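Here is my notebook for today.

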Amino acid sequence: MVNASRPRPTSAIDQGPGEPSTALLGVLTLAAGALIANLYYAQPLVAEIGPAIGVSSDFAGSIVSMTQIGYGIGLFFLVSLADIVENKRLVLVTVGLTMVGLVGAATASGAGVFLAASLTVGLCSTGAQVLLPFLAHLVPPANRGRTVGKVMAGVLTGIMLARPAALFLSAALGWRAVFLLSAGLMAVIWLTLSVMMPTYRPKAQAHYGQILVSMVVLIRTMPAVRWRAAYQALMFCAFNMFWTAVPLLLADRFHLGQKGIGLFALAGAGGAMAAPVAGRLADQGRSRATSLAAMLVLSLSFFVSCWTGAGTLALIVLTVLAILIDAAVQTTQVVSQKVIFGVAAEHRGRVNAVYMTCLFAGGAVGSILGTVSYHRGGWPATGGIGTAIGGLLVLLLALEWLSDRAGRTKRVEKVPA
């Protein structure tokens, strides 16, 4: 907890919001994208990692799930620290521990060490979610959506590039090299952030326990955050469902190998280009209309995917649909973070922790839906569920609009004549 009696050194943030430099924005974008990418390197390499560390094929899913479990824990217990701990110090600690975890994963010879290292990597990669509200402190509200959009484009690019990068590097140098190279990148990011990242000391005077309890109160008293958390949980559910099931489809229907699937995933990263556009629209006050458009694109893309056949033309269509789905998810993510980062500065870390925990839960459900739906009903079942999720999102958005309209009407009625 900050001691109010001691003078605080000033920083760019202490002196008031201003546009971050292009160099600083680039470093923060790289850091966030690289940290998030650590969650996805192991996904396409399970078949190689399992035998090397003594994990049977029946339990190979634990290689990925341990990282995700760590990330889920970190979202709640570490990201909330951003409201009481100096942010630069918190980020540097998480980046440093992520590097240690990656080295542990790369050198592990047994399942116990590898899974412990994976848990550490997932836990500490949540440093990316400290950087996002930190960025919101740097930027004036009028430009916040556009700037967050640029960084979120980097985050999505990190997610989309992680799988193909892991496949290509593993094919050339072996799976251990993937984690070692990522550890080297974390070291570079740590050194760069230690020099370039300004300090930010939160104003909150609460204890850590009070911060955790207050997260429940915040979500109950902030309807806009609740709506946005629900939207993005469903969007990320659809996103993870698509990217869990589509490699199976590509292998079964189009007979693609690892490199071909990696190239498909690489093409899908084009959806990140929607983020800056979404940010500008959010800054112009078009958050709801932009969200509606993204939800409709998501639903229609899944619907059209149900009718794709086989062959080159069908593969091209599926690639375009993948880009559209990624763009839709990225669009609502940027708009939602513009909304949630509009809360008071002393609450942003906790609000982002709650929001990202909901998003992560939706993504975990989507991963399960992807495999279950595809194995039970083939791609039509997966595409049908995605279409339904898009329809549910549109319905929820309409309910939010009606709720806001009713609230405005009540406020007008209370105004004395």
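**Ground rules.** I call a residue buried when its relative accessible area is under 20%, exposed when it is over 50%, and partly exposed in between (1.4 Å probe, protein chains only). I am working with a predicted model, where local features need pLDDT of at least 70, side-chain atom pairs count only at pLDDT 80 or more, and totals for chains, interfaces and linings use all residues. Residues are numbered from 1 along each chain as its sequence is written, and side-chain values use heavy atoms, with hydrogens and water left out.

**Entry 1: a ring pair.** I began with Phe 303, which is partly exposed at a relative accessible area of 43%. Trp 307 is exposed, at 67%.

I then counted aromatic pairs: rings of Phe, Tyr and Trp (its six-membered ring) pair if their centres lie within 6.5 Å, and planes under 30 degrees apart are stacked, over 60 edge-to-face, the rest tilted. The count came to 10 aromatic pairs. One of them joins Phe 242 and Trp 243, edge-to-face, with 5.2 Å centre to centre and 80° between the planes. Phe 242 is buried because its relative accessibility is 0%, and Trp 243 is buried too, at 6%. The rings of Phe 303 and Trp 307 also make an edge-to-face pair, because their planes stand at 65°, with centres 6.3 Å apart.

I also noted a cluster: ring pairs link Phe 242, Trp 243, Phe 264, Phe 302 and Trp 379.

Entry 2: How many cavities of 30 Å³ or more does the whole structure hold? I found 1. A cavity here is a set of points on a 1 Å grid over the protein atoms alone where a 1.4 Å probe fits but cannot get out, and lining residues have an atom within 4 Å of a point.

I listed 13 lining residues, with Asn 38, Ala 42, Thr 67, Ser 118 and Phe 179 nearest the centre. Helices H3 (62-77), H4 (87-107) and H5 (111-124) each supply at least two lining residues; a helix is a DSSP run (H or I) of at least four residues, numbered from the N terminus. The largest share, 3 residues, comes from H5. By class I noted 10 nonpolar, 3 polar and no charged residues.

**Entry 3: cysteines.** I searched for disulfides (cysteine sulfur atoms within 2.5 Å) and found 0. Cys 124 counts as buried because its relative accessibility is 3%, and Cys 237 is buried at 6%.

Terms used
On a 1 Å grid over the protein atoms alone, a cavity is a set of points where a 1.4 Å probe fits but cannot get out, and a pocket is an open set with protein on both sides within 12 Å along at least five of seven lines; lining residues have an atom within 4 Å of a point. Grid points are joined across faces, edges and corners, and a volume is the space filled by probe spheres set on the points. Ala, Val, Leu, Ile, Met, Phe, Trp, Tyr, Cys and Pro count as nonpolar, Asp, Glu, Lys and Arg as charged, and the others, Gly among them, as polar.
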